[in-house]
Amino acid sequence: MNERLLAIDVGTQSVRAIVFDLNGDLCGSRQIALEPYFSTQPGWAEQDSTLYWKLIGQACQGLWEELDPHSISGMSLTTQRATMVCIGADNQPLRPAIVWMDKRQALNQAPIGGLWGLAFRALGLKSTIAQFQAEAPANWLLQHEPELWAKTQRYVLLSGYLNFQLTGQWQDSIGSQVGYLPFDYKQQRWAGAHDWKWQALPGIRPAQLPELVAPGAPMGGLCASAAEHLGLPSGLPVIASAADKACEVLGAGCVNPDQACLSFGTTATINTTVSKYVEVEKFIPPFPAAVPDSFNTEVQIYRGFWMVSWFKRQFADREQRIADERGIAAEALFDELLDSVPPGAMGLTLQPYWSPGVREPGPEAKGAIIGFGDVHTRAHVYRAILEGLAYGLREGAEKVARRSAKLRILRVAGGGSQSNGAMQLTADIFGMAAQRPHVYETSALGAAINTAVGQGLYADYPAAVSAMTRVKDVFEPQPDAVATYDALYRRVYQKMYARLQPLYQEIRDITGYPP
(Lines give C-alpha, C1' and ligand atoms only; values in the text may rest on other atoms or scores of the structure.)
Protein backbone atom coordinates (compact mmCIF):
# COMPACT_ATOMS: atom_id res chain seq x y z
CA MET A 1 0.00 0.00 0.00
CA ASN A 2 1.65 3.22 -1.21
CA GLU A 3 -1.15 5.61 -0.30
CA ARG A 4 -0.18 8.90 1.30
CA LEU A 5 -2.40 10.93 3.60
CA LEU A 6 -2.45 14.72 3.94
CA ALA A 7 -3.21 16.27 7.33
CA ILE A 8 -3.78 20.00 7.71
CA ASP A 9 -3.07 21.11 11.28
CA VAL A 10 -4.11 24.68 12.12
CA GLY A 11 -2.73 25.47 15.54
CA THR A 12 -2.54 28.61 17.63
CA GLN A 13 0.95 29.58 16.50
CA SER A 14 1.39 27.89 13.12
CA VAL A 15 -0.28 26.19 10.16
CA ARG A 16 1.17 22.85 9.09
CA ALA A 17 0.62 20.64 6.07
CA ILE A 18 1.95 17.15 6.79
CA VAL A 19 1.96 13.96 4.74
CA PHE A 20 2.11 10.48 6.28
CA ASP A 21 2.27 7.01 4.80
CA LEU A 22 0.26 4.07 6.09
CA ASN A 23 3.02 3.14 8.55
CA GLY A 24 2.59 6.51 10.25
CA ASP A 25 5.94 7.72 8.97
CA LEU A 26 6.24 11.38 8.05
CA CYS A 27 6.88 11.79 4.31
CA GLY A 28 7.05 15.59 4.19
CA SER A 29 5.83 18.73 5.93
CA ARG A 30 5.60 22.47 5.65
CA GLN A 31 5.05 24.80 8.59
CA ILE A 32 4.21 28.50 8.42
CA ALA A 33 4.33 30.61 11.56
CA LEU A 34 1.12 32.36 12.56
CA GLU A 35 0.71 35.31 14.88
CA PRO A 36 -1.66 33.81 17.46
CA TYR A 37 -3.90 36.87 17.58
CA PHE A 38 -4.11 40.63 17.44
CA SER A 39 -5.78 42.70 20.12
CA THR A 40 -7.55 46.04 19.75
CA GLN A 41 -8.75 46.05 23.36
CA PRO A 42 -7.21 44.65 26.56
CA GLY A 43 -8.04 40.95 26.86
CA TRP A 44 -9.29 40.61 23.29
CA ALA A 45 -7.81 38.00 20.96
CA GLU A 46 -8.84 38.04 17.30
CA GLN A 47 -7.43 36.86 13.99
CA ASP A 48 -8.35 37.28 10.33
CA SER A 49 -10.22 34.09 9.43
CA THR A 50 -9.11 34.26 5.82
CA LEU A 51 -5.46 34.28 6.93
CA TYR A 52 -5.74 30.68 8.10
CA TRP A 53 -6.99 29.62 4.67
CA LYS A 54 -4.28 31.64 2.91
CA LEU A 55 -1.55 29.97 4.97
CA ILE A 56 -3.00 26.50 4.37
CA GLY A 57 -2.60 27.14 0.65
CA GLN A 58 0.98 28.31 1.07
CA ALA A 59 1.91 25.32 3.22
CA CYS A 60 0.42 22.83 0.77
CA GLN A 61 1.96 24.46 -2.29
CA GLY A 62 5.34 24.32 -0.55
CA LEU A 63 4.90 20.61 0.07
CA TRP A 64 4.60 19.83 -3.63
CA GLU A 65 8.13 21.08 -4.17
CA GLU A 66 9.26 17.74 -2.71
CA LEU A 67 6.21 15.47 -3.06
CA ASP A 68 3.85 14.53 -5.88
CA PRO A 69 0.37 15.88 -5.04
CA HIS A 70 -1.14 13.02 -7.07
CA SER A 71 0.28 10.56 -4.53
CA ILE A 72 -2.22 11.85 -1.93
CA SER A 73 -5.18 9.51 -1.55
CA GLY A 74 -7.16 11.56 0.96
CA MET A 75 -6.96 14.43 3.42
CA SER A 76 -8.36 15.76 6.68
CA LEU A 77 -8.24 18.86 8.84
CA THR A 78 -7.60 19.41 12.54
CA THR A 79 -7.66 22.83 14.18
CA GLN A 80 -7.39 24.73 17.44
CA ARG A 81 -10.55 24.58 19.51
CA ALA A 82 -13.18 27.16 20.48
CA THR A 83 -12.20 29.81 17.90
CA MET A 84 -15.44 31.23 16.47
CA VAL A 85 -16.25 32.66 13.03
CA CYS A 86 -19.29 34.71 11.94
CA ILE A 87 -20.32 34.13 8.31
CA GLY A 88 -22.54 36.37 6.19
CA ALA A 89 -24.99 35.64 3.38
CA ASP A 90 -22.12 35.54 0.86
CA ASN A 91 -20.39 32.75 2.85
CA GLN A 92 -17.59 35.14 3.81
CA PRO A 93 -16.50 36.11 7.35
CA LEU A 94 -18.20 39.23 8.66
CA ARG A 95 -15.52 40.05 11.22
CA PRO A 96 -12.25 38.66 12.56
CA ALA A 97 -12.48 35.31 14.31
CA ILE A 98 -12.68 35.40 18.11
CA VAL A 99 -9.75 33.23 19.17
CA TRP A 100 -10.01 30.79 22.06
CA MET A 101 -7.69 32.93 24.23
CA ASP A 102 -10.10 35.89 24.12
CA LYS A 103 -11.11 37.14 27.59
CA ARG A 104 -14.03 39.50 26.86
CA GLN A 105 -17.24 38.76 28.72
CA ALA A 106 -20.92 39.43 28.15
CA LEU A 107 -22.09 40.90 31.44
CA ASN A 108 -25.55 41.12 32.99
CA GLN A 109 -26.93 38.04 31.27
CA ALA A 110 -30.42 36.95 32.27
CA PRO A 111 -30.22 33.89 34.54
CA ILE A 112 -31.56 30.56 33.35
CA GLY A 113 -35.23 30.29 34.29
CA GLY A 114 -37.82 27.57 34.67
CA LEU A 115 -37.04 24.06 35.83
CA TRP A 116 -33.46 24.30 34.60
CA GLY A 117 -32.89 27.37 36.74
CA LEU A 118 -34.34 25.67 39.80
CA ALA A 119 -32.15 22.61 39.18
CA PHE A 120 -28.98 24.65 38.82
CA ARG A 121 -29.66 26.56 42.02
CA ALA A 122 -30.34 23.31 43.89
CA LEU A 123 -27.10 21.79 42.62
CA GLY A 124 -25.04 24.86 43.41
CA LEU A 125 -24.30 25.47 39.73
CA LYS A 126 -25.75 28.95 39.37
CA SER A 127 -22.32 30.64 39.21
CA THR A 128 -20.95 27.98 36.84
CA ILE A 129 -23.80 28.53 34.37
CA ALA A 130 -23.46 32.30 34.71
CA GLN A 131 -19.76 31.94 33.85
CA PHE A 132 -20.69 29.92 30.75
CA GLN A 133 -23.09 32.67 29.66
CA ALA A 134 -20.54 35.43 30.28
CA GLU A 135 -17.72 33.72 28.38
CA ALA A 136 -19.79 32.72 25.33
CA PRO A 137 -18.65 34.84 22.33
CA ALA A 138 -22.15 34.65 20.83
CA ASN A 139 -23.59 36.43 23.85
CA TRP A 140 -20.97 39.18 23.62
CA LEU A 141 -21.68 39.63 19.91
CA LEU A 142 -25.41 39.81 20.50
CA GLN A 143 -24.84 42.38 23.25
CA HIS A 144 -22.16 44.56 21.63
CA GLU A 145 -22.45 44.02 17.85
CA PRO A 146 -26.19 43.38 17.34
CA GLU A 147 -26.28 44.63 13.74
CA LEU A 148 -23.45 42.32 12.73
CA TRP A 149 -25.02 39.43 14.63
CA ALA A 150 -28.29 39.98 12.76
CA LYS A 151 -26.35 39.48 9.50
CA THR A 152 -24.65 36.29 10.74
CA GLN A 153 -26.03 33.46 8.61
CA ARG A 154 -23.56 30.88 9.93
CA TYR A 155 -21.88 30.73 13.31
CA VAL A 156 -19.16 28.10 13.23
CA LEU A 157 -15.91 26.99 14.75
CA LEU A 158 -12.74 27.65 12.77
CA SER A 159 -12.86 23.99 11.72
CA GLY A 160 -16.35 24.49 10.28
CA TYR A 161 -15.24 27.50 8.26
CA LEU A 162 -12.16 25.73 6.89
CA ASN A 163 -14.07 22.53 6.11
CA PHE A 164 -16.49 24.67 4.09
CA GLN A 165 -13.52 26.12 2.22
CA LEU A 166 -12.39 22.58 1.42
CA THR A 167 -15.70 21.09 0.31
CA GLY A 168 -18.18 23.93 -0.28
CA GLN A 169 -20.51 22.30 2.29
CA TRP A 170 -21.36 23.62 5.75
CA GLN A 171 -20.27 20.54 7.65
CA ASP A 172 -18.06 19.98 10.64
CA SER A 173 -16.87 17.02 12.66
CA ILE A 174 -18.52 15.98 15.89
CA GLY A 175 -14.98 15.61 17.20
CA SER A 176 -14.34 19.35 16.77
CA GLN A 177 -17.25 20.61 18.86
CA VAL A 178 -15.48 22.12 21.84
CA GLY A 179 -16.66 25.62 22.72
CA TYR A 180 -19.57 27.72 23.90
CA LEU A 181 -22.18 26.17 21.62
CA PRO A 182 -25.56 24.45 22.10
CA PHE A 183 -23.91 21.03 21.82
CA ASP A 184 -25.08 17.94 23.73
CA TYR A 185 -21.80 16.34 24.80
CA LYS A 186 -23.45 13.16 26.06
CA GLN A 187 -25.38 12.44 22.87
CA GLN A 188 -22.73 14.09 20.64
CA ARG A 189 -25.22 16.12 18.61
CA TRP A 190 -26.76 19.57 18.65
CA ALA A 191 -28.76 20.10 21.81
CA GLY A 192 -32.45 19.24 21.84
CA ALA A 193 -35.06 21.98 21.69
CA HIS A 194 -35.58 22.02 25.48
CA ASP A 195 -31.90 21.93 26.46
CA TRP A 196 -30.80 24.78 28.78
CA LYS A 197 -27.99 25.79 26.39
CA TRP A 198 -30.46 27.42 23.99
CA GLN A 199 -31.69 29.59 26.86
CA ALA A 200 -28.07 30.37 27.84
CA LEU A 201 -27.21 31.28 24.22
CA PRO A 202 -30.36 33.14 23.13
CA GLY A 203 -28.89 34.61 19.95
CA ILE A 204 -27.91 31.32 18.31
CA ARG A 205 -30.38 29.79 15.85
CA PRO A 206 -30.23 26.13 14.73
CA ALA A 207 -29.98 27.26 11.08
CA GLN A 208 -26.68 29.00 11.87
CA LEU A 209 -24.98 25.74 12.83
CA PRO A 210 -23.31 23.27 10.43
CA GLU A 211 -24.27 19.68 9.78
CA LEU A 212 -22.32 17.35 12.06
CA VAL A 213 -20.52 14.24 10.82
CA ALA A 214 -18.62 11.62 12.78
CA PRO A 215 -14.80 11.47 12.79
CA GLY A 216 -13.66 9.24 9.96
CA ALA A 217 -16.78 9.88 7.89
CA PRO A 218 -16.52 11.37 4.37
CA MET A 219 -17.29 15.08 4.03
CA GLY A 220 -17.21 15.08 0.25
CA GLY A 221 -14.61 15.83 -2.37
CA LEU A 222 -12.22 18.75 -2.56
CA CYS A 223 -14.08 21.50 -4.45
CA ALA A 224 -12.53 23.06 -7.56
CA SER A 225 -11.52 26.36 -5.94
CA ALA A 226 -9.93 24.59 -2.98
CA ALA A 227 -8.11 22.17 -5.28
CA GLU A 228 -6.54 25.07 -7.13
CA HIS A 229 -5.66 26.85 -3.89
CA LEU A 230 -4.00 23.76 -2.38
CA GLY A 231 -2.48 22.38 -5.59
CA LEU A 232 -4.37 19.08 -5.31
CA PRO A 233 -6.70 17.15 -7.63
CA SER A 234 -10.32 18.25 -7.57
CA GLY A 235 -12.57 15.70 -5.90
CA LEU A 236 -9.87 14.39 -3.55
CA PRO A 237 -11.67 12.72 -0.60
CA VAL A 238 -11.96 14.94 2.47
CA ILE A 239 -12.49 12.93 5.65
CA ALA A 240 -13.79 14.34 8.94
CA SER A 241 -11.23 14.42 11.72
CA ALA A 242 -11.45 16.17 15.12
CA ALA A 243 -10.04 19.03 17.17
CA ASP A 244 -6.30 19.18 17.73
CA LYS A 245 -6.30 17.78 21.29
CA ALA A 246 -8.55 14.88 20.31
CA CYS A 247 -6.34 14.11 17.33
CA GLU A 248 -3.27 14.34 19.54
CA VAL A 249 -4.68 11.62 21.81
CA LEU A 250 -5.40 9.38 18.81
CA GLY A 251 -2.02 10.10 17.21
CA ALA A 252 -0.30 9.16 20.46
CA GLY A 253 -2.04 5.79 20.28
CA CYS A 254 -4.15 6.31 23.41
CA VAL A 255 -7.48 4.73 22.54
CA ASN A 256 -8.22 2.81 25.78
CA PRO A 257 -9.21 4.01 29.27
CA ASP A 258 -5.91 2.87 30.82
CA GLN A 259 -3.78 4.78 28.28
CA ALA A 260 -3.19 8.45 29.04
CA CYS A 261 -1.94 11.12 26.69
CA LEU A 262 -0.26 13.95 28.56
CA SER A 263 0.19 17.05 26.45
CA PHE A 264 2.69 19.76 27.28
CA GLY A 265 1.05 22.21 24.89
CA THR A 266 -0.06 25.84 25.18
CA THR A 267 -2.87 24.36 27.25
CA ALA A 268 -1.47 21.39 29.18
CA THR A 269 -3.86 18.43 29.31
CA ILE A 270 -4.16 14.82 30.30
CA ASN A 271 -6.63 12.66 28.38
CA THR A 272 -7.88 9.12 28.13
CA THR A 273 -10.38 7.71 25.64
CA VAL A 274 -13.54 6.04 26.94
CA SER A 275 -16.62 4.62 25.27
CA LYS A 276 -19.03 5.77 28.00
CA TYR A 277 -19.89 9.31 29.06
CA VAL A 278 -17.85 10.02 32.22
CA GLU A 279 -17.65 13.35 34.04
CA VAL A 280 -14.24 13.46 35.70
CA GLU A 281 -15.30 16.67 37.45
CA LYS A 282 -18.99 16.79 38.29
CA PHE A 283 -21.05 18.63 35.67
CA ILE A 284 -17.98 19.24 33.47
CA PRO A 285 -18.57 17.10 30.33
CA PRO A 286 -15.94 15.01 28.56
CA PHE A 287 -15.15 16.20 25.05
CA PRO A 288 -15.84 14.19 21.88
CA ALA A 289 -12.88 12.03 20.88
CA ALA A 290 -11.34 11.53 17.44
CA VAL A 291 -12.63 7.95 17.62
CA PRO A 292 -16.36 7.87 16.76
CA ASP A 293 -18.83 7.44 19.64
CA SER A 294 -16.07 7.94 22.20
CA PHE A 295 -15.08 10.61 24.71
CA ASN A 296 -11.88 12.19 26.00
CA THR A 297 -11.77 12.56 29.79
CA GLU A 298 -9.79 15.76 29.60
CA VAL A 299 -8.35 17.62 32.56
CA GLN A 300 -6.54 20.80 31.56
CA ILE A 301 -4.24 23.48 32.88
CA TYR A 302 -5.22 26.44 30.78
CA ARG A 303 -1.88 28.26 30.58
CA GLY A 304 0.18 25.06 30.56
CA PHE A 305 3.38 25.21 28.59
CA TRP A 306 2.65 28.88 27.94
CA MET A 307 4.48 29.35 31.24
CA VAL A 308 7.68 28.20 29.54
CA SER A 309 7.21 30.98 26.99
CA TRP A 310 6.61 33.39 29.87
CA PHE A 311 9.83 32.21 31.52
CA LYS A 312 11.68 32.62 28.23
CA ARG A 313 10.51 36.23 27.86
CA GLN A 314 11.18 37.21 31.45
CA PHE A 315 14.30 35.28 32.49
CA ALA A 316 16.07 33.63 29.55
CA ASP A 317 18.02 36.47 27.92
CA ARG A 318 21.24 34.46 28.21
CA GLU A 319 19.78 31.37 26.52
CA GLN A 320 18.15 33.52 23.85
CA ARG A 321 21.47 35.20 23.05
CA ILE A 322 23.32 31.88 22.81
CA ALA A 323 20.48 30.36 20.76
CA ASP A 324 20.60 33.27 18.31
CA GLU A 325 24.34 32.77 17.88
CA ARG A 326 23.86 29.05 17.22
CA GLY A 327 20.76 29.42 15.08
CA ILE A 328 18.61 27.23 17.36
CA ALA A 329 15.54 27.73 19.58
CA ALA A 330 16.23 28.98 23.09
CA GLU A 331 14.14 26.14 24.53
CA ALA A 332 16.78 23.70 23.28
CA LEU A 333 19.10 25.04 25.99
CA PHE A 334 16.60 24.82 28.84
CA ASP A 335 17.51 21.22 29.73
CA GLU A 336 20.81 22.61 30.98
CA LEU A 337 18.83 24.63 33.51
CA LEU A 338 16.93 21.50 34.59
CA ASP A 339 20.12 19.47 34.97
CA SER A 340 21.63 22.12 37.24
CA VAL A 341 18.87 21.73 39.85
CA PRO A 342 17.91 18.58 41.81
CA PRO A 343 14.42 17.03 41.67
CA GLY A 344 12.08 19.02 43.87
CA ALA A 345 13.81 22.35 43.07
CA MET A 346 15.08 22.48 46.67
CA GLY A 347 11.53 22.92 47.92
CA LEU A 348 10.40 25.60 45.48
CA THR A 349 6.84 24.57 44.61
CA LEU A 350 4.56 26.09 41.97
CA GLN A 351 0.78 26.00 41.64
CA PRO A 352 0.04 26.53 37.91
CA TYR A 353 -3.21 28.49 38.11
CA TRP A 354 -2.03 31.40 35.95
CA SER A 355 -5.56 31.53 34.54
CA PRO A 356 -8.60 30.84 36.75
CA GLY A 357 -11.10 28.05 36.17
CA VAL A 358 -14.83 27.65 36.60
CA ARG A 359 -15.12 25.20 39.50
CA GLU A 360 -11.86 23.89 41.01
CA PRO A 361 -9.74 25.90 40.83
CA GLY A 362 -12.43 28.52 41.00
CA PRO A 363 -12.60 31.89 39.26
CA GLU A 364 -10.62 33.52 42.09
CA ALA A 365 -7.59 31.26 41.61
CA LYS A 366 -4.14 32.64 40.94
CA GLY A 367 -0.71 31.17 40.40
CA ALA A 368 1.68 30.78 43.30
CA ILE A 369 5.30 29.86 43.97
CA ILE A 370 6.25 29.11 47.58
CA GLY A 371 9.38 28.01 49.38
CA PHE A 372 11.83 30.68 48.24
CA GLY A 373 15.24 30.88 49.90
CA ASP A 374 18.48 32.65 49.14
CA VAL A 375 19.79 29.55 47.31
CA HIS A 376 17.16 29.72 44.60
CA THR A 377 17.95 30.91 41.08
CA ARG A 378 16.06 31.23 37.82
CA ALA A 379 17.02 27.59 37.13
CA HIS A 380 15.06 26.57 40.23
CA VAL A 381 12.12 28.66 38.99
CA TYR A 382 12.22 26.90 35.62
CA ARG A 383 12.27 23.44 37.20
CA ALA A 384 9.46 24.48 39.55
CA ILE A 385 7.36 25.51 36.53
CA LEU A 386 7.69 22.10 34.88
CA GLU A 387 7.21 20.27 38.16
CA GLY A 388 4.10 22.32 38.98
CA LEU A 389 2.58 21.48 35.61
CA ALA A 390 3.33 17.79 36.12
CA TYR A 391 1.86 17.88 39.65
CA GLY A 392 -1.30 19.45 38.26
CA LEU A 393 -1.56 16.85 35.52
CA ARG A 394 -0.92 14.01 37.99
CA GLU A 395 -3.79 15.38 40.07
CA GLY A 396 -5.92 15.28 36.92
CA ALA A 397 -4.82 11.72 36.16
CA GLU A 398 -5.87 10.62 39.65
CA LYS A 399 -9.30 12.17 39.12
CA VAL A 400 -9.62 10.29 35.83
CA ALA A 401 -8.55 7.01 37.46
CA ARG A 402 -11.18 7.37 40.19
CA ARG A 403 -13.92 7.73 37.59
CA SER A 404 -12.61 5.37 34.93
CA ALA A 405 -9.57 3.06 34.99
CA LYS A 406 -6.14 3.01 36.60
CA LEU A 407 -3.50 4.25 34.19
CA ARG A 408 -1.18 1.65 32.73
CA ILE A 409 0.46 3.64 29.93
CA LEU A 410 1.56 7.29 29.90
CA ARG A 411 2.49 8.91 26.59
CA VAL A 412 3.68 12.52 26.39
CA ALA A 413 3.03 14.81 23.43
CA GLY A 414 3.20 18.54 22.72
CA GLY A 415 6.17 20.88 22.63
CA GLY A 416 7.44 19.87 26.06
CA SER A 417 7.79 16.23 25.00
CA GLN A 418 10.91 17.20 23.05
CA SER A 419 12.74 17.97 26.31
CA ASN A 420 14.45 14.94 27.84
CA GLY A 421 14.43 16.74 31.19
CA ALA A 422 10.68 17.32 31.04
CA MET A 423 10.12 13.68 30.07
CA GLN A 424 12.23 12.43 32.98
CA LEU A 425 10.61 14.59 35.64
CA THR A 426 7.19 13.54 34.30
CA ALA A 427 8.13 9.88 34.77
CA ASP A 428 9.41 10.64 38.27
CA ILE A 429 6.35 12.66 39.35
CA PHE A 430 3.88 10.10 37.97
CA GLY A 431 5.97 7.19 39.23
CA MET A 432 5.60 5.37 35.91
CA ALA A 433 7.39 5.17 32.58
CA ALA A 434 6.85 8.19 30.31
CA GLN A 435 6.74 7.24 26.63
CA ARG A 436 7.55 9.57 23.74
CA PRO A 437 5.70 8.81 20.47
CA HIS A 438 7.71 8.15 17.33
CA VAL A 439 6.63 11.45 15.74
CA TYR A 440 6.27 14.88 17.29
CA GLU A 441 3.29 15.77 15.05
CA THR A 442 0.78 13.60 16.90
CA SER A 443 -2.22 15.85 16.17
CA ALA A 444 -1.59 15.60 12.44
CA LEU A 445 -0.99 11.85 12.75
CA GLY A 446 -4.35 11.47 14.49
CA ALA A 447 -6.01 13.27 11.58
CA ALA A 448 -4.19 10.96 9.16
CA ILE A 449 -5.49 7.94 11.09
CA ASN A 450 -9.03 9.28 10.67
CA THR A 451 -8.36 9.54 6.94
CA ALA A 452 -6.93 6.02 6.70
CA VAL A 453 -9.91 4.44 8.46
CA GLY A 454 -12.39 6.67 6.64
CA GLN A 455 -11.04 5.53 3.28
CA GLY A 456 -11.10 1.87 4.29
CA LEU A 457 -7.31 1.57 4.19
CA TYR A 458 -7.57 -0.02 7.64
CA ALA A 459 -10.55 -2.01 8.82
CA ASP A 460 -10.93 -0.13 12.11
CA TYR A 461 -9.20 2.17 14.56
CA PRO A 462 -7.38 -0.55 16.55
CA ALA A 463 -5.77 -1.79 13.32
CA ALA A 464 -4.82 1.72 12.19
CA VAL A 465 -3.42 2.69 15.59
CA SER A 466 -1.41 -0.53 15.77
CA ALA A 467 0.13 0.11 12.35
CA MET A 468 0.61 3.88 12.49
CA THR A 469 1.64 4.65 16.09
CA ARG A 470 4.56 3.43 18.20
CA VAL A 471 6.93 4.49 20.95
CA LYS A 472 10.28 6.09 20.20
CA ASP A 473 11.76 6.69 23.67
CA VAL A 474 10.94 5.51 27.18
CA PHE A 475 11.94 7.36 30.37
CA GLU A 476 11.86 5.14 33.45
CA PRO A 477 11.16 6.65 36.88
CA GLN A 478 14.16 7.07 39.22
CA PRO A 479 13.36 5.73 42.72
CA ASP A 480 15.00 8.56 44.72
CA ALA A 481 13.32 11.24 42.64
CA VAL A 482 9.97 9.41 42.84
CA ALA A 483 10.16 9.45 46.66
CA THR A 484 10.98 13.17 46.77
CA TYR A 485 8.24 14.11 44.34
CA ASP A 486 5.62 11.91 45.98
CA ALA A 487 6.24 13.54 49.35
CA LEU A 488 6.14 17.07 47.89
CA TYR A 489 3.01 16.26 45.90
CA ARG A 490 1.04 14.79 48.80
CA ARG A 491 2.32 16.90 51.68
CA VAL A 492 2.72 20.26 49.93
CA TYR A 493 1.21 20.61 46.45
CA GLN A 494 -2.16 18.99 47.21
CA LYS A 495 -2.64 21.28 50.22
CA MET A 496 -1.73 24.55 48.51
CA TYR A 497 -5.03 25.47 46.88
CA ALA A 498 -7.21 24.89 49.95
CA ARG A 499 -4.89 26.96 52.11
CA LEU A 500 -4.32 29.76 49.60
CA GLN A 501 -7.88 29.97 48.25
CA PRO A 502 -9.09 32.38 50.96
CA LEU A 503 -6.15 34.67 50.18
CA TYR A 504 -6.90 34.48 46.46
CA GLN A 505 -10.45 35.60 47.25
CA GLU A 506 -9.12 38.48 49.37
CA ILE A 507 -6.86 39.54 46.48
CA ARG A 508 -9.83 39.46 44.14
CA ASP A 509 -12.00 41.47 46.54
CA ILE A 510 -9.33 44.12 47.08
CA THR A 511 -7.95 44.51 43.55
CA GLY A 512 -10.80 43.26 41.36
CA TYR A 513 -8.36 40.95 39.56
CA PRO A 514 -9.25 38.57 38.03
CA PRO A 515 -12.66 40.06 37.19
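Trainee: What does the accessible surface of the protein chain come to, and what share of it belongs to carbon and sulfur atoms?

Mentor: Accessible areas come from the Shrake-Rupley method with a 1.4 Å probe, and for residues only the protein chains shown count as cover. Here the total is about 21,100 Å², with 51% belonging to carbon and sulfur atoms. One caution: this is a predicted model, where local features need pLDDT of at least 70, side-chain atom pairs count only at pLDDT 80 or more, and totals for chains, interfaces and linings use all residues. Residues are numbered from 1 along each chain as its sequence is written, and side-chain values use heavy atoms, with hydrogens and water left out.

Trainee: How does the radius of gyration of the protein chain fit a compact globule?

Mentor: That radius is taken over C-alpha atoms, and the globule rule is 2.2 Å times the number of residues to the power 0.38. For 515 residues the rule gives a value near 24 Å, and the chain agrees because it has 23 Å. Along the principal axes, the C-alpha atoms fill a box of roughly 65 × 55 × 45 Å.

Trainee: How many helices and strands does the protein chain have?

Mentor: Both are DSSP runs numbered from the N terminus: helices are H or I with at least four residues, strands are E with at least two. This chain has 17 helices and 25 strands.

Trainee: Which way do the side chains of strand β6 point?

Mentor: In a regular strand the side chains alternate between the two faces of the sheet. In β6 (residues 84-87), M84 and C86 point one way, V85 and I87 the other, and all are buried. Two strands pair if DSSP finds at least two bridges between them. β6 has four bridges to β8 (residues 154-157), running antiparallel, and I87 has R154 as its bridge partner there.

Trainee: What is the order of the open sheet of three strands?

Mentor: It goes β17-β19-β18, with antiparallel pairing. β17 (273-274) and β18 (287-288) are the edge strands, each pairing on one side only.

Trainee: Is E248 buried or exposed?

Mentor: E248 counts as buried because its relative accessibility is 7%. E248 lies in helix α9 (residues 244-251). Contact means heavy atoms within 4.5 Å. Leaving aside neighbours within four places in sequence, E248 is in contact with C261, S263, A413, G414, T442 and S443.

Terms used: Buried means under 20% relative accessible area, exposed over 50%, partly exposed in between (1.4 Å probe, protein chains only).
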